[in-house]
Amino acid sequence: MSDYKKWANVNFDDIELAEVSAHEKKRVKQHILGKKKATKRLRKWGLAAAILLGATITTGFAFPSIASQIPFVQNIMSYFNEDFPVNSTYDDFATTIDTVQTSKEATMVIEKAVYDGNSITISYALQTDLDLGESPMNSNYIKVEGASGTSGVGKLKKIKDNTYVGIEKITPFFDKKAPKIVNISWKLDRFESTESSTILSGDWKFSFSLTKLAGATQLVNEVVEKEGVTVHIQEIERNDMTTVIRYEQLNAPAVLTKWAYASISFTAVDDLGNTYELQNNGGTGDSEGLTMSWSDTMSAIDQQATTITLQPIIYFSTGENGVAKIVAMDAVEIELE
């Protein structure tokens, strides 16, 4: 019998919440810049990308009172604080979804989701009789109505026998203004162990809408250049959960003659001494890689801060041996409005 069927007959007043497991100690950081003729480009930081396949018959449930009381579905983001540091306040701003679906004796629950105006983050859990290892992959067919091209990162991890929690973060709008409300459909048909040949096939389908967090956009329009790479910081968008930095990167032809790619990351510090970690959301560019538009996300800037200083860092690579050269560009101090 699946655990979902057991839960249906449980008195939830008697349930003790499970302890949150220790955070992972290792993080892997990658700079990935693919060259495509299409305008979609992806970069994934410190997380396993989720990709999969499959299909079957599903029984769907939408019982918020049940999903919200299942012990392993509580505060899923807390299992990923080192992987998604910019979402440290996720539970304060995310919308509770609490939708449960069971397919082939495996139950999946979407706990919460949030749309910060740039990216969508979804937390979920999976209960199955199969052992999928420590960090399986999923099929991750997330679609957002009106998306201009999607990049994303995700992670799924075991927290106890055959019980998994996961996070998916996607950025769906690059070529046009993000709407106030997004309509999301997510179809999953396969979970696969990365350690063995074990595959869980099923048919889980979810649909829901999210409203953009209230915030404000501030124009920056600052340009710095070094060693043939120009960074144009266009604007920052702030809300109570995150701050999004939007910028253009222009590479001189000689840069890509010498290097396979030149990737940009930022350091950020406010005038109070607070430092912020940024995560890249992906972006778009021309087929030659000369002109690209990116966005990075960090946590909300301290409300008492009056300035934020961004310093772009260039990572040059030959493509075969990883990063070969790192160059710090001039810092840009932004007066906060």
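Predicted model: local features only at pLDDT ≥ 70, side-chain atom pairs only at ≥ 80, totals over all residues.
Strand S4 spans residues 106-115 and is mostly covered, with 10 of its 10 residues buried. On one side of the pairing scheme, strand S3 (residues 95-103) is joined to S4 by seven bridges, and the two strands run antiparallel. Within this pair, Thr95 has Ala113 of S4 as its bridge partner. S3 and S4 form a hairpin with two residues between them, and Lys104 in the turn has a positive phi of about 50°. S4 also pairs with strand S5 (residues 120-127), again in the antiparallel sense, over eight bridges. Here Val109 stands opposite Ala125 in S5. The hairpin of S4 and S5 has four residues between the strands, and Gly117 takes a positive phi near 95°.

Lys112 belongs to S4. This lysine has a relative accessible area of 13% and therefore counts as buried, the limit being under 20%. Apart from neighbours within four places in sequence, the residues in contact with Lys112 include Tyr90, Asp91 and Ala94, together with Thr121, Ile122 and Ser123. Thr95, the bridge partner of Ala113, is also among the contacts of Lys112.

Strand S12 (residues 215-226) is joined to strand S13 (residues 229-239) by 10 bridges. Val223 stands opposite His232 in S13. The hairpin formed by S12 and S13 has two residues between the strands, and Glu227 in its turn has a positive phi of about 50°. S13 in turn pairs with S14 in the antiparallel sense over nine bridges, and Val231 stands opposite Gln249 in S14. S13 and S14 likewise form a hairpin with two residues between them. Strand S14 (residues 242-251) has eight of its 10 residues buried, so this strand is largely enclosed by the rest of the structure. S14 also pairs with S18, in the antiparallel sense and over nine bridges; in this pairing, Ile245 stands opposite Asp296 in S18.

The loop between strand S18 (291-299) and strand S19 (307-317) contains Ala305. The relative accessibility of Ala305 is 9%, and the residue therefore counts as buried. Not counting residues up to four places away in sequence, Ala305 touches Asp270, Asp271, Leu272 and Leu336. Ala305 and Asn274 are 31 residues apart in sequence, with a C-alpha to C-alpha separation of 8.9 Å.

The count of salt bridges comes to 10. One of them is formed by Lys155 and Asp83, whose closest N and O atoms are 3.8 Å apart. This pair links distant parts of the chain, 72 residues apart: Lys155 is in strand S8 (residues 151-160), and Asp83 is in the loop between helix H2 (64-67) and helix H3 (90-93). Both partners are buried, Lys155 at a relative accessible area of 13% and Asp83 at 2%. A salt bridge also joins the side chains of Asp131 and Lys158, at 3.0 Å from N to O. Asp131 lies in the loop between S5 and strand S6 (137-138), 27 residues apart from Lys158 in strand S8. Asp131 is partly exposed at 43% relative accessibility, whereas Lys158 is buried at 19%. In the salt bridge between Lys205 and Asp203, the closest N and O atoms are 3.9 Å apart; Lys205 is partly exposed, at 46%, and Asp203 is buried, at 11%. Finally, Lys212, Glu235, Glu237 and Arg246 are linked in a network of salt bridges.

Technical notes
Residues numbered from 1 in each chain as written. Heavy atoms only, no water. Pairing = 2+ DSSP bridges. Buried < 20%, exposed > 50% of the residue type's maximum accessible area, 1.4 Å probe, protein only. Contact = heavy atoms within 4.5 Å. Salt bridge = Lys/Arg side-chain N within 4 Å of Asp/Glu carboxyl O.
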